[in-house]
Amino acid sequence: MKQLIKLSLVLLVFVAASCGSSENGQLIGVLERPDWQGINPYGMVYVPSGTLHIGPSDQDVSNTFVQRQKAISIQGFYMDDTEITNNEYRQFVNWVRDSLAHSYLDHYVETEDGEERIDWEYEVDWEDETLEDLYYQGDDRFAGKKELDASKLVFEYEWYDWQKAAHDHGRSPRNAFIQRRKVNVYPDTLVWIRDFSYSYNEPMTRNYFWHPAFDDYPVVGVDWHMSNAFAYWRTKLWNTYAQTRGDGINSEDFRLPTEHEWEYAARGGHDLAMYPWGLYYTRNAKGCLLANFKPGRGNYPEDGGQYTVRADAYFPNDYGLYNMSGNVSEWTVTAYYDNAYAFLHDLNPDIRYDAKDDDPEAYKRKVIRGGSWKDVAHFLQTGTRHWEYQDTTKSYIGFRCALTFLGRSLNDF
């Protein structure tokens, strides 16, 4: 009898829906909701939810003061399988360049809402005299070459201060929590000279970002703000084309990973693993080095790279992530505090602080992870945490993006 009643209700719902009515006297939820089958961002791998023990990976007594051991749980997410490369970041730089050119040439179209948007269907005539202001002029020109003025490449990105909004209890208008910042997006290529005293690295300054020889190498010379700006632009790029295709609905943004998302991903599913490839050693059974760093007392090329190497060099860890140790250190979204492990929550732990330009320098410290091509092996350990100032650019710091997974598990789709 119960089965008959259920069948009758299903038929009633079907008939009501067929007649264009959403009311049938039963609690059935909202009909015609979008279908969600998850997304699969290009160049990213899925890292499932799980638990790990954070803290020192070896018997490092001094580090226990800033890396107190703790069990935490992390929600599933996607992460770039490599560090963001020069060519990937160049797509961002060129987008900013082209948007400036379109605005100079008044290439706008009016939307249905009455707003003016750039019409990307127009082709940019780079010989147009209107664009002369985008190039170096007069005495700033070198050897008579027509070169783009990198200082013009400014991009404004936004973020929402969720912590401030959550503790405001509705007393302030929404715009009180919307933060905006303008950044120059062109990498600081002079880091190759500034980071080293009495060292000839000018060829890297002149060539590293633009020359095709380095297209698949990790971008460097980007500070924490520039990395966040890239993630914001990447989100807009995804959403624009997803809306055009009518698929890929996703309410989460590309972003920098948290410190402990990074550590969890670096271990590749192996709790307490000292390195992304496992425990104890930086060489395999054949004596080959497993990452790009500073072996011994400074035999830089012994691992196959004098400086950085291709972002997909060496073997990936068991999540499919390349160079989670070595090559370049990586920005995280997390603010650095020495004693953070003492008070972090055990569920998706993270600490944020939006430091202002006039804040004390100590407030501007952000966690970097992974070690780099110029670091000794200690900094390659998955548990080693370090920091750099958010407005600082270095020849050995890059980044990769993360994206929160919506749902219980990828296996559900």
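**Figure 1. His169 and its loop in the predicted model.** In this predicted model, His169 is found in the loop that runs between helix H3 (162–166) and strand S8 (178–184). Take a look at the backbone here: phi of His169 is near 55°, which is a positive value in a residue other than glycine. Is His169 buried or exposed? With a relative accessibility of 62%, His169 counts as exposed, because the cut-off for that class is over 50%.

**Figure 2. Tyr198, another residue with positive phi.** Tyr198 sits in the loop between helix H4 (191–194) and helix H5 (202–207). Its phi is near 55°, again a positive value in a residue other than glycine. The relative accessible area of Tyr198 is 89%, so this tyrosine is exposed.

**Figure 3. The largest pocket and its lining.** The largest pocket holds about 1,700 Å³ of space. It is lined by 43 residues, and those closest to its centre are Trp159, Tyr160, Trp162, Arg255 and Arg352. Which elements give two or more residues to this lining? They are strand S7 (154–160), H3, S8 and helix H6 (224–245). H6 supplies the largest share, with 7 residues.

**Figure 4. Tyr157 and Tyr232, a tilted aromatic pair.** The structure holds 36 aromatic pairs, and this view shows one of them, formed by Tyr157 and Tyr232. The ring centres of Tyr157 and Tyr232 are 6.5 Å apart and their planes meet at 55°, so the pair is tilted. Tyr157 belongs to strand S7 and Tyr232 to helix H6, so the pair ties together parts that are 75 residues apart in sequence. The two partners fall into separate accessibility classes: Tyr157 is buried, with a relative accessible area of 3%, whereas Tyr232 counts as partly exposed at 22% relative accessibility.

Figure 5. Trp373 is buried, with a relative accessible area of 3%.

**Figure 6. Two arginines over aromatic faces.** Arg90 lies over the face of Phe209, at 5.2 Å from the ring centre. In a second case, Arg365 lies over the face of Trp387, at 5.1 Å from the ring centre.

**Figure 7. The largest cavity.** How many cavities of 30 Å³ or more does the count give? The count comes to 4. About 50 Å³ of space lies in the largest cavity. Its lining is made up of Pro187, Asp188, Thr189, Trp192, Met204, Thr205, Tyr208, Phe209 and Val220. Phe209, met above as the ring under Arg90, is one of these lining residues. By class, the lining of the largest cavity has 6 nonpolar, 2 polar and 1 charged residues.

**Figure 8. Val154 and its contacts.** Val154 has its place in strand S7. At 38% relative accessibility, Val154 counts as partly exposed. Which residues does Val154 touch, leaving aside its neighbours within four places in sequence? Its contacts are Val96, Lys182, Val183 and Asn184. For a sense of scale, the C-alpha atoms of Val154 and Leu289 are separated by 40 Å, and these two residues are 135 residues apart along the chain.

**Figure 9. Stepping back to the whole chain.** The protein has 7 helices and 13 strands. Its C-alpha trace spans about 85 × 65 × 45 Å along the principal axes. Of the 413 residues in the protein, 44% are buried. Among contacts between residues at least 6 apart in sequence, 69% join residues at least 24 apart.

Terms used: Residues numbered from 1 in each chain as written. Predicted model: local features only at pLDDT ≥ 70, side-chain atom pairs only at ≥ 80, totals over all residues. Heavy atoms only, no water. Helix = DSSP H or I, 4+ residues; strand = E, 2+ residues; numbered from the N terminus. Buried < 20%, exposed > 50% of the residue type's maximum accessible area, 1.4 Å probe, protein only. 1 Å grid on protein atoms, 1.4 Å probe; cavity = no way out; pocket = protein on both sides within 12 Å on 5 of 7 lines; lining within 4 Å. Points joined across faces, edges and corners; volume = space filled by probe spheres on them. Phe/Tyr/Trp six-rings, centres within 6.5 Å; stacked < 30°, edge-to-face > 60°. Lys NZ or Arg CZ within 6 Å of the ring centre and 35° of its normal. Contact = heavy atoms within 4.5 Å. Nonpolar A, V, L, I, M, F, W, Y, C, P; charged D, E, K, R; others polar.
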